[in-house]
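Hi everyone, thanks for making time. Let me put the structure up, and then we can walk through a few parts of it together.

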Amino acid sequence: MRDGVIYLDNAATSWPKPPETFKAMEEFMLSVGANPGRSGHRLSIEAGRVILEAREALAALFGVDDPLRIVFTRNATEALNLVLYGLLRPGDHVITSSMEHNSVMRPLRDLQEKGVELTVVEASPRGELDPQDVEGAIKENTRLIVLTHASNVTGTLMPLTEIGQIARRKGVPLCVDSAQTAGAYPIDVEAMGIDLLAFTGHKSLFGPQGTGGLFIRKGLEEAIRPLLRGGTGSRSELEEQPDFLPDKYESGTPNTVGIAGLGAGVRFLLSEGMERIRAKEEALTQTLLEGLSDTPGVTLYGTCDPRRQIAVVSFNIDGLSPSEVAMALDEEFGVLTRPGLHCAPSAHRTIGTFPQGTVRLSAGYFTTEEEIGMALRAVQELAARARKGGSTHG
Ligand SMILES: Cc1ncc(COP(=O)(O)O)c(C=O)c1O
């Protein structure tokens, strides 16, 4: 337990980070500091090396053979906007699911107003997506399938490998929002048939906030327009944007200090091993699910099967609103959670919890079984009080 709090909001951003992350950031600020790929002097070259090493670590994690096919962005939201606004044009058809975060849904609703045709495939009330429904939605003019890898509301993992095979067979690119899974669940872009992988740096990749990126399969860069154009430090004689990766999509001075931290975070998780990280988070999720399912007055959402979800657990207590529960957990027990709609109103409509939402508990790699036990006792106490008197107060 850190400073009197039990941090169970890792799905919003992971905390704490491994010391490797902030040591790399400090090292960059103290000893490098220069602008990468711009000036040609030793410190500029060193800054470029820091960025390349981060790309290499991410490529190793995602099974990408060419690290230059990974483009850095500020977060998953920017990576998703880059794909959606860069690729889709009026008259194109795009398929998504009803479990998406607003960083997919809002750009798509805006593009729909601009003449893009949208199909939202409905997931089950437990947040499960049927690959056959996705296949059935594909049409002549389908230009893209964009799906979350795991719901940030229920934690449910989507059947991406099956959908990847369908997408390949039908010749439709598959874009995956891995905000919740990158670093927490194995991802191999080849084995899973992923053409575009949007990731965020500050969750399970252990990087700082303000980092993220996009893997782009060879050839797709020809169809995706950049969101920004400007200085890249390359082909400076041209007034047109370079057409090669990563420069086409990386205009302006990058967040080099953040990328230094992200690279160190990814190297940390590679050295710990994906299997070990997943096994620990699965065990914590199992403890949470078992404890909550045995608590009278508590409703759980999703599949409630730790093998089919990530470390995200949503629940409600009868008679209390999610914000009342979250406030009592914070103020009385130091348990930090996230109540409400989690930027995913469509997912809450799907599972029947719109508009009040749920309380979300999200453990991380550094969460302990002891902390999970304390959080469970806190929820059990609140549920018992609500059954007796309808209040959060003891
Ligand atoms: C499923 C999902 N997609 C996208 C995002 C957006 O990530 P970011 O805020 O880092 O851009 C999140 C963040 O909560 C998410 O959970």
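In helix α6, residues 160–170, the buried residues are L160, I163, G164 and A167. Buried here means that 20 or more other C-beta atoms, placed from the backbone, lie within 10 Å of a residue's own. Those four span an arc of only 105 degrees around the axis, so they sit on the same side of α6; the arc is taken from the directions from the helix axis to the C-beta atoms. Helices are DSSP runs of H or I with at least four residues, strands are E runs of at least two, and both are numbered from the N terminus.

A quick word on the source: this is a predicted model, where local features need pLDDT of at least 70 and side-chain atom pairs count only at pLDDT 80 or more, while totals for chains, interfaces and linings use all residues. Residues are numbered from 1 along each chain as its sequence is written.

Back to α6: what covers its buried residues includes α5 (131–137), β5 (142–148) and β6 (174–177), with contact meaning C-beta atoms, placed from the backbone, within 7 Å. Just after α6, G171 has a positive phi of about 70 degrees.

Now, which residues are around the ligand? They are N75, A76, T77, H101, S103, T148, N152, D177, A179, Q180, T200 and G212, each with its C-beta atom, placed from the backbone, within 6 Å of the ligand. By class, that shell has two nonpolar, nine polar and one charged residues, with Ala among the nonpolar, Asp among the charged and Gly counted as polar.

Definitions and conventions
A residue is buried if 20 or more other C-beta atoms lie within 10 Å of its own, exposed if 12 or fewer, and partly exposed in between; C-beta atoms are placed from the backbone. Two residues are in contact if their C-beta atoms, placed from the backbone, lie within 7 Å.
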